2 protein chains.
Amino acid sequence: MIKTADHLYLQVADNIEQLIEKEVMKIGEKLPSVRMLSKQQGISLSTAFQAYYHLEAKGLIESRPKSGYYIRFNSHRMPAIPSISSPVKKSCEVSVTEMVMQVFNRYRGTANNLVDFSIAMPPATILPAAKMAKAVTHALRTLPNYGVGYEPLQGNLTLRTQIGRLSLSWGAAYTGDDVVTANGCMDALTLSLSAVTKPGDTIAIESPAYHGSMQLAEGLGLKVLEIPTHPVTGIDLAYLDKAIPKHKIRACLFVTNFNNPMGFCMSEQNKKELVDIIVKYDIALIEDDIYGDLYFGKHRPVNCKTFDKHGHVLLCSSISKSLAPGYRVGWTIPGRYKDKVLAIKHNHSISTASITQAAVGHFLEIGRYEFHLKNLRKMLHTQCLRYSQALQEYFPEGTKISRPEGGCVLWIELPESVNTFELFQQALKHQITFCPGRIFSLQNKYNNCLRISFGTPYNKQVDDALRTLGKLVRKMS
Amino acid sequence: MIKTADHLYLQVADNIEQLIEKEVMKIGEKLPSVRMLSKQQGISLSTAFQAYYHLEAKGLIESRPKSGYYIRFNSHRMPAIPSISSPVKKSCEVSVTEMVMQVFNRYRGTANNLVDFSIAMPPATILPAAKMAKAVTHALRTLPNYGVGYEPLQGNLTLRTQIGRLSLSWGAAYTGDDVVTANGCMDALTLSLSAVTKPGDTIAIESPAYHGSMQLAEGLGLKVLEIPTHPVTGIDLAYLDKAIPKHKIRACLFVTNFNNPMGFCMSEQNKKELVDIIVKYDIALIEDDIYGDLYFGKHRPVNCKTFDKHGHVLLCSSISKSLAPGYRVGWTIPGRYKDKVLAIKHNHSISTASITQAAVGHFLEIGRYEFHLKNLRKMLHTQCLRYSQALQEYFPEGTKISRPEGGCVLWIELPESVNTFELFQQALKHQITFCPGRIFSLQNKYNNCLRISFGTPYNKQVDDALRTLGKLVRKMS
């Protein structure tokens with residue numbers, strides 16, 4: 001790794017973080033003064049300050065007035081992670097629509113003072129809005145007839161080429177010709193799922209799973225089998241291997257990186273094995289990789305698509321979690337199902353909007369995307385730690401919290417006695433929303449779980465809201 | 001009707017047109033000189049010239065050098081209109097996908113010198129592209145965070161309000177609250193059809209019917225019953241009335257104004273009766289009104305939705321035929337099915353693109369839309385007449401041609417011996433495309449029909465292409 005001068009403070013901070021994690025330095029212990037740190041490490045005073053600021057922002061240390069810096073947090077002292085899921089062993093007809101509409105629609109476009117932990121993405125205020133607007137202006141200037149005509153069915157070529165290039169970061173080398181654009185990631189999932197199933201078919205998903213996938217499956221007349229899922233390693237592959245022939249599974253739909261809602265990131269080995277299983281039974285895997293770019297570690301995780309030699313994997317993603325949700329720009333890399341996806345796209349919407357596609361293509365082409373992602377990842381990592389700490393502090397003993405290494409959601413398991421849909425309704429009176437666990441399953445499960453998005457930067461309002469939530473939980477447990 | 005000075009020439013031209021239609025003046029007859037006309041009518045010389053120019057542009061008269069103006073065309077001398085359809089009396093599984101993909105995809109984004117009669121809309125070159133670009137810039141300036149955040153699920157409020165106002169022109173008074181925006185009209189049809197059916201259901205469509213509707217139905221696992229259709233009066237209502245209970249029809253999907261492909265506009269009385277039938281059986285009518293604004297007469301036709309007292313009609317439309325197809329802005333006014341439509345929109349794509357919606361909303365708000373439509377309608381009417389005349393001239397005796405009073409397509413019936421899919425393949429070698437009739441039915445019908453779009457302004461290239469098509473037809477018949 002190349003170390004440039006402006007990364008020196010990060011290197012120093014990393015070292016201190018490791019000492020905290022290994023408990024060489026314990027919670028409550030005083031850190032060396034800034035002057036001392038500067039001397040010890042042979043760095044400037046300002047670099048030493050920066051290192052401490054960085055650790056403070058992450059919530060790992062705190063400064064006490066006229067006294068210095070103290071260790072306040074150790075991620076190894078975090079509460080237990082949530083349980084491994086054990087969904088009922090049969091496929092179910094879908095029916096959580098109404099609860100989802102209650103969670104998402106009762107406030108959309110109305111309440112303004114809402115503290116919203118329900119939407120799994122960063123708020124528009126921390127996205128590069130002005131730079132995107134410039135990209136739109138550029139698109140208007142360069143598109144024929146200012147973009148009023150149809151885009152080609154497959155999508156804007158500049159955008160597709162750039163999406164192809166992004167695959168380099170996860171160890172593949174796709175080209176624009178492999179990509180089909182869509183009206184956001186949900187539309188990409190809709191096209192992909194429609195291409196590989198017909199009404200009445202059964203698909204496999206995680207348990208808990210993204211409610212949007214289940215709603216989508218319902219709309220397409222599909223049955224859904226929930227696969228037991230581990231909060232750290234992901235899908236139970238041995239279980240899946242037996243379930244596919246037994247339940248005549250036609251396709252799997254999984255979020256393999258920084259899973260929504262559980263947070264896990266499947267290991268490279270598990271991803272390879274998953275692809276092997278898919279190929280063995282000659283079925284399709286729809287891989288929703290919408291969070292893959294939001295990693296907290298040093299490297300981007302690979303995808304199942306990275307190991308997809310025969311085109312069984314349809315990789316879906318978008319820029320909605322990282323750049324401009326309102327632009328509705330998403331895509332699928334559908335492998336052997338490309339012609340089918342194109343035919344369905346033609347039937348559903350003929351083409352996707354010209355201007356927003358061209359604008360995102362331009363933004364990626366000039367290299368702004370990677371630059372923006374770097375900052376966004378740093379922010380989200382810090383926010384993840386701050387939210388985790390607050391939840392640990394405000395929520396009752398016995399609360400279990402996931403430890404995602406990317407993405408923007410936490411999965412929380414409360415004592416069995418707490419019903420989080422009731423909690424949701426009470427929280428709403430305090431202008432707070434989140435996702436109750438029940439909406440992440442077709443079965444009557446996860447009633448004591450909830451999903452909290454940490455997309456919004458930590459501030460007093462967030463802190464107050466989490467404290468209030470904690471009080472409500474304590475009353476109910 | 002208020003007559004302003006700049007409409008005087010139109011009034012004079014209209015009068016002459018009526019004399020031609022009533023055969024008071026016959027084909028080949030010489031018209032009064034410009035000087036004489038000016039004297040007779042008490043108008044200026046330049047107004048008299050304008051009136052003749054207008055009639056010449058419409059192809060009704062021609063100027064012969066050093067001789068004057070002569071009558072060259074009478075729409076009453078047009079060839080016969082196509083036959084009333086008599087589709088097989090059973091519902092069918094859909095299966096014309098491949099032919100449609102061949103017609104639309106073999107050239108998309110590749111050939112540039114193609115004379116394209118296949119796409120039912122005006123080309124981007126005659127749309128108000130630069131003014132739309134200004135509307136986009138306005139949208140960027142006024143949207144919060146430059147539009148990078150999500151729109152409300154139901155759609156941009158300014159746009160919805162303006163769409164509500166458009167309903168005044170067809171005798172209704174809907175508000176923004178009644179409207180749900182979509183990613184173009186196809187997406188509006190997808191949402192609407194999904195809301196009122198489930199896989200395995202049967203729907204009724206015209207025969208011939210828009211291929212996109214049939215493809216869509218296939219994708220949603222629906223069965224389709226084709227209803228006999230008259231080329232002037234539209235759907236056979238007596239037939240429909242019996243078919244609904246017999247075939248357990250769940251919904252009808254009709255293009256009631258300037259039908260695609262047949263061109264008919266159902267009368268007010270028939271529209272009323274259609275709504276009565278729908279209400280009697282308590283089923284849904286999806287009314288595709290995408291061509292309603294492109295009327296050639298003095299008044300916009302009403303919709304079935306105009307007579308929809310109990311919310312059984314889902315009216316779908318867009319600005320793709322008149323303003324900016326590439327923007328993908330459409331809508332549905334779904335009546336009693338609004339909640340269902342919103343739930344499905346949430347599942348399919350969460351929301352529609354912010355910027356293009358806001359831009360179209362602004363364009364409508366400042367009154368530019370009606371102004372633009374006025375010119376577009378005039379152009380399309382002229383083009384319709386010019387194309388009809390050319391077809392009459394170049395195609396063999398016995399060719400039947402529809403006489404639409406709006407929209408942008410002609411439906412042509414050739415001698416039984418001509419297979420228009422073969423004709424399509426031969427025409428492609430001459431860089432000419434159109435829609436073969438076969439793709440407008442699920443049954444093995446309309447093999448001797450074709451649809452020609454007259455969206456492209458008449459010019460030498462168009463004339464040559466129609467002449468070539470005529471030659472190919474003559475060889476085959």
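The area buried between chain A and chain B is about 4,400 Å², with carbon and sulfur atoms giving 68% of it. Buried area here is the accessible area (1.4 Å probe) that two parts lose on being put together, summed over both. On the chain A side, Val148(A), Tyr150(A) and Asn347(A) lose the most area to chain B, together 15% of what that side buries. In terms of contacts (heavy atoms within 4.5 Å), 52 residues of chain A meet 52 residues of chain B. The model is predicted: local features need pLDDT of at least 70, side-chain atom pairs count only at pLDDT 80 or more, and totals for chains, interfaces and linings use all residues. Residues are numbered from 1 along each chain as its sequence is written, chains are lettered from A and ligands numbered from 1 in the order in which they are written, and side-chain values use heavy atoms, with hydrogens and water left out.

Gln215(B) sits in helix α8 (residues 211-219) of chain B. Helices (H or I, at least four residues) and strands (E, at least two) are DSSP runs, numbered from the N terminus. At 1% relative accessibility, Gln215(B) counts as buried. Buried means under 20% relative accessible area, exposed over 50%, and partly exposed in between (1.4 Å probe, protein chains only).

Chain B holds an open sheet of 8 strands in the order β4-β11-β10-β9-β8-β5-β6-β7, with mixed pairing. Two strands pair if DSSP finds at least two bridges between them. At the edges stand β4 (180-182) and β7 of chain B, each pairing on one side only. Within the sheet, strands β10 (residues 313-318) and β11 (residues 330-333) of chain B run antiparallel and are joined by 4 bridges. Cys316(B) stands opposite Thr332(B) in β11(B). Helix α11 (residues 338-349) of chain B packs on the sheet and touches β4, β10 and β11 of chain B. The direction of α11 makes about 35 degrees with that of β4(B). Axes are lines fitted to C-alpha atoms, for helices over the stretch in contact, and angles run from 0 to 180 degrees between N-to-C directions.

In α9 (residues 237-246), Leu237(B), Tyr239(B), Leu240(B), Ala243(B) and Ile244(B) are buried. Seen down the axis of α9(B), these buried residues fall within an arc of 140 degrees, so they line one face of the helix. The arc is that of the directions from the helix axis to the C-beta atoms. An α-helix has 3.6 residues a turn, so residues three or four places apart point the same way. On the other side of α9(B), Ala238(B), Lys242(B) and Lys246(B) are exposed. The buried residues pack against β5 (202-207), β6 (223-230), β7 (234-235), β8 (249-254) and α10 (268-281) of chain B. At the start of α9(B), a side-chain oxygen of Asp236(B) reaches to within 3.3 Å of the backbone nitrogen of Ala238(B). After the helix comes Lys248(B), whose phi is positive, near 50 degrees.

Asp236(B) and Ile84(B) are 152 residues apart in sequence and 9.6 Å apart in space, C-alpha to C-alpha. Ile84(B) lies in the loop between β2 (68-71) and α4 (97-105) of chain B. With 52% relative accessibility, Ile84(B) counts as exposed. Not counting residues up to four places away in sequence, Ile84(B) touches Thr229(B), His230(B) and Pro231(B).

In chain A, strand β10 (residues 313-318) is mostly covered, with 6 of its 6 residues buried. Val313(A), Leu315(A) and Ser317(A) lie on one side, and Leu314(A), Cys316(A) and Ser318(A) on the other. In a regular strand the side chains alternate between the two faces of the sheet. Strand β9 (residues 284-288) of chain A runs parallel to β10(A), joined by 4 bridges, and Leu285(A) stands opposite Val313(A). Strand β11 (residues 330-333) of chain A runs antiparallel to β10(A), also over 4 bridges. There, Cys316(A) stands opposite Thr332(A).

Definitions and conventions:
Polar contact = N/O pair within 3.5 Å; in protein donor to acceptor, adjacent residues only side chain to side chain.
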